Amino acid sequence: MLKLQVASRAGVGASAEGCASSGCGGSSAGLSHLPEHIRAKVHNHPCYSEEAHHHYARMHVAVAPACNIQCHYCNRKYNCANESRPGVVSELLTPAQAVKQVLAVAATIPQMAVLGIAGPGDPLANPERTLATFQALAEQAPDIKLCVSTNGLALPDLVEDLCALNIDHVTLTINCVDPDVGAHIYPWIFWKNRRIKGRKAAEILIERQQQGLEMLVARGVLVKVNSVLIPGVNDEHLKEVSRLVKAKGAFLHNVMPLIAEPEHGTFYGLMGQRGPTHEELQQLQDACAGDMAMMRHCRQCRADAVGMLGEDRGAEFSLDKIETLEIDYPQAMARRRQVHAAIEAQRAAAAQPPAKGEILISPTAIKRVRRETRPVLMAVATSGGGLINQHFGQAREFLVYEASAQEVRFIGVRKVGAYCSGPEDCGELDWVLEDTLRALSGCEVVLCSRIGFEPWGQLEAAGITPNGEHAQEPIEQAVASLYQEWVAAGRVAMPSPELARRRA
Ligand code: CLF
Ligand code: SF4
């Protein structure tokens with residue numbers, strides 16, 4: 001059987017080129033070009049490292065109600081949409097309540113490695129509440145990384161405060177670097193006690209964002225830039241944004257799709273502004289990628305999100321539930337250290353190079369396979385740990401990978417409704433399955449731990465092959481292995497015209 005080398009946990013392909021994953025830069029291999037101290041900073045941050053997000057959780061505390069700008073994709077009744085799904089409301093916490101909640105989560109979910117403040121307004125438009133929360137956590141839970149997200153207007157004034165608290169992960173939302181584009185995104189800003197509108201408002205915001213970015217980079221802070229992709233407004237322009245922020249030293253670029261439903265009551269939602277398709281988002285992310293790491297695993301989570309990315313356990317830690325808890329944090333820290341050590345052992349084992357002799361294909365054959373095969377999109381159901389370990393019917397999202405003769409590449413996340421939410425309605429939710437099939441457009445395979453007879457048939461009818469044979473296997477290895485099987489079975493032959501072009 002044809003066998004290509006598994007080059008690393010995150011990259012699969014012919015050994016000559018090693019891992020070429022263009023994901024978030026999260027795999028060990030993908031980070032190998034970075035200095036050791038940077039790798040250490042992102043190693044267990046689930047947003048800054050794609051690989052880490054399989055293992056580590058984050059939480060947000062909603063301590064920051066006010067905002068100093070208006071974005072056309074935001075309704076102020078809800079969370080800051082720069083780093084949240086619009087249309088959800090968070091319970092506002094005082095800094096003291098927030099600290100209590102963080103300690104409770106850290107003791108209950110030892111994988112929780114990062115505490116972020118991302119709303120519900122702009123964290124830096126509420127500097128006292130935001131900094132007081134960070135200050136208390138730096139003292140009481142020193143093993144938790146601190147992280148903040150901002151629109152950037154107040155950033156230059158607060159860089160020193162953030163650095164004094166050792167906050168070395170900052171997310172800055174930059175949707176444009178041209179005020180003419182910005183005037184279509186931001187109707188106003190509140191600046192120096194005045195409301196400023198139109199192009200002038202965008203000009204000031206852009207200037208402050210760029211100044212803040214430069215100041216953070218100069219102080220060694222890792223900056224992730226978030227951009228909301230708004231078709232027809234900033235889609236082409238985001239390539240320029242990416243080029244500029246990369247030149248200024250941003251670490252990671254996260255291009256997120258606009259979500260603009262009329263029921264959210266945002267300006268864009270009411271005006272009928274559409275969000276991008278999966279294909280448009282991926283094309284723009286690829287165009288922005290170059291040699292800058294792109295984040296493709298963002299879940300646009302809530303300002304009070306708790307748990308692994310993509311999961312929301314906030315309801316388990318509401319104020320009334322945590323009020324009665326007595327947390328022994330030193331004991332919790334010891335437990336957290338044990339759990340983190342076990343995760344690292346698992347990651348190290350999965351990153352082991354293949355055994356000698358595993359490459360069963362000659363260099364000439366590799367060249368031919370690359371030329372004559374096409375890539376395949378595969379959707380994966382996982383509940384964490386980097387494994388294929390979720391029942392199809394219980395998946396609320398699928399991770400999509402592109403397998404080719406060169407590599408296995410993480411492409412993005414497709415959210416779906418759960419087809420089975422319990423014994424009463426398992427298999428009854430046909431409309432959910434129809435939505436899922438639409439969400440999986442372009443995918444040819446679904447890898448999951450198990451799947452029922454009914455969805456199996458419907459997936460096949462839609463041209464998607466269900467596969468439960470790789471249950472509990474590491475995702476990238478399973479995707480690579482299935483691709484190899486398809487190569488051997490002649491299922492991924494390049495279409496004739498393209499093949500003729502390549503041979504020529
Ligand atoms: Fe929160 Fe943001 Fe920090 Fe992550 S989220 S403040 S960097 S800890 Fe992550 Fe959530 Fe996407 Fe944000 S998945 S919305 S990128
Ligand atoms: Fe809304 Fe966030 Fe924009 Fe403020 S910065 S208007 S809270 S999306």
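1. Gln 472 sits in the loop that runs between strand β16 (465–467) and helix α15 (475–488). The model is a predicted one, and in it Gln 472 has a positive phi of about 70 degrees, although it is not a glycine. Most residues other than glycine have a negative phi. Is Gln 472 buried, partly exposed or exposed? Gln 472 counts as partly exposed because its relative accessible area is 49%, and exposed would require over 50%.

2. Lys 192 also deserves a look. Its loop lies between β6 (188–191) and β7 (194–197). Lys 192 has a positive phi of about 50 degrees and is not a glycine. With a relative accessibility of 64%, Lys 192 is classed as exposed, since the cut-off for that class is over 50%.

3. Another backbone point concerns Pro 120. Which form does the peptide bond from Gly 119 to Pro 120 take, cis or trans? The bond is cis, and its omega is near 10 degrees. Most peptide bonds are trans. Pro 120 belongs to the loop between β3 (112–117) and α3 (127–140).

4. For the chain as a whole, the secondary structure consists of 16 helices and 16 strands. The protein chain has 504 residues, and 58% of them are buried. Among contacts with a separation of 6 or more, 73% are between residues 24 or more positions apart.

5. Next, the interior. In soluble globular proteins, nonpolar side chains tend to be buried together. The largest nonpolar core here contains 62 residues, and Val 61, Met 112 and Leu 115 have the most contacts inside it. Which helix gives the most to this core? Helix α2 (residues 95–108) does, contributing seven residues.

6. Leaving out residues up to four places away in sequence, Leu 115 touches Met 59, His 60, Val 61 and Val 102, then Phe 134, Leu 137, Ile 144, Lys 145, Leu 146 and Cys 147. Val 61, one of these neighbours, is also among the residues with the most contacts inside the core.

7. His 169 is part of strand β5 (residues 169–173). It counts as buried because its relative accessibility is 0%, and buried means under 20%. What does the side chain of His 169 reach at 3.3 Å? It reaches the backbone oxygen of Lys 41.

8. Ligand 2 has Cys 67, Ile 69, Gln 70, Cys 71, Tyr 73, Cys 74, Cys 80, Ala 81, Asn 82, Gly 121 and Asn 151 around it. How many residues of this shell are nonpolar, polar and charged? Seven are nonpolar, four are polar and none is charged.

9. Arg 370 lies in helix α12 (residues 363–372). Is Arg 370 buried or exposed? Arg 370 counts as buried because its relative accessibility is 15%, and the limit for that class is under 20%. Arg 370 and Ala 405 are separated by 35 residues in sequence, while their C-alpha atoms are 5.1 Å apart in space.

10. Glu 240 is in helix α7 (residues 237–247). Its relative accessible area is 33%, so it is partly exposed. The side chains of Glu 240 and Arg 243 are joined by a polar contact of 2.9 Å. Along the chain, Glu 240 and Asp 178 are 62 residues apart, and 9.5 Å separates their C-alpha atoms.

Methods: Residues are numbered from 1 along each chain as its sequence is written. Chains are lettered from A and ligands numbered from 1 in the order in which they are written. This is a predicted model: local features need pLDDT of at least 70, side-chain atom pairs count only at pLDDT 80 or more; totals for chains, interfaces and linings use all residues. Side-chain values use heavy atoms; hydrogens and water are left out. Helices (H or I, at least four residues) and strands (E, at least two) are DSSP runs, numbered from the N terminus. Buried means under 20% relative accessible area, exposed over 50%, partly exposed in between (1.4 Å probe, protein chains only). Contact means heavy atoms within 4.5 Å. A residue is near a molecule or strand if one of its heavy atoms lies within 4 Å of it. Ala, Val, Leu, Ile, Met, Phe, Trp, Tyr, Cys and Pro count as nonpolar, Asp, Glu, Lys and Arg as charged, and the others, Gly among them, as polar. A nonpolar core is a set of buried Ala, Val, Leu, Ile, Met, Phe, Trp, Tyr and Cys residues joined through side-chain atoms within 4.5 Å. A polar contact is a pair of N or O atoms within 3.5 Å; within protein, one must be able to donate a hydrogen and the other to accept it, and residues adjacent in sequence count only if both atoms are side-chain atoms.
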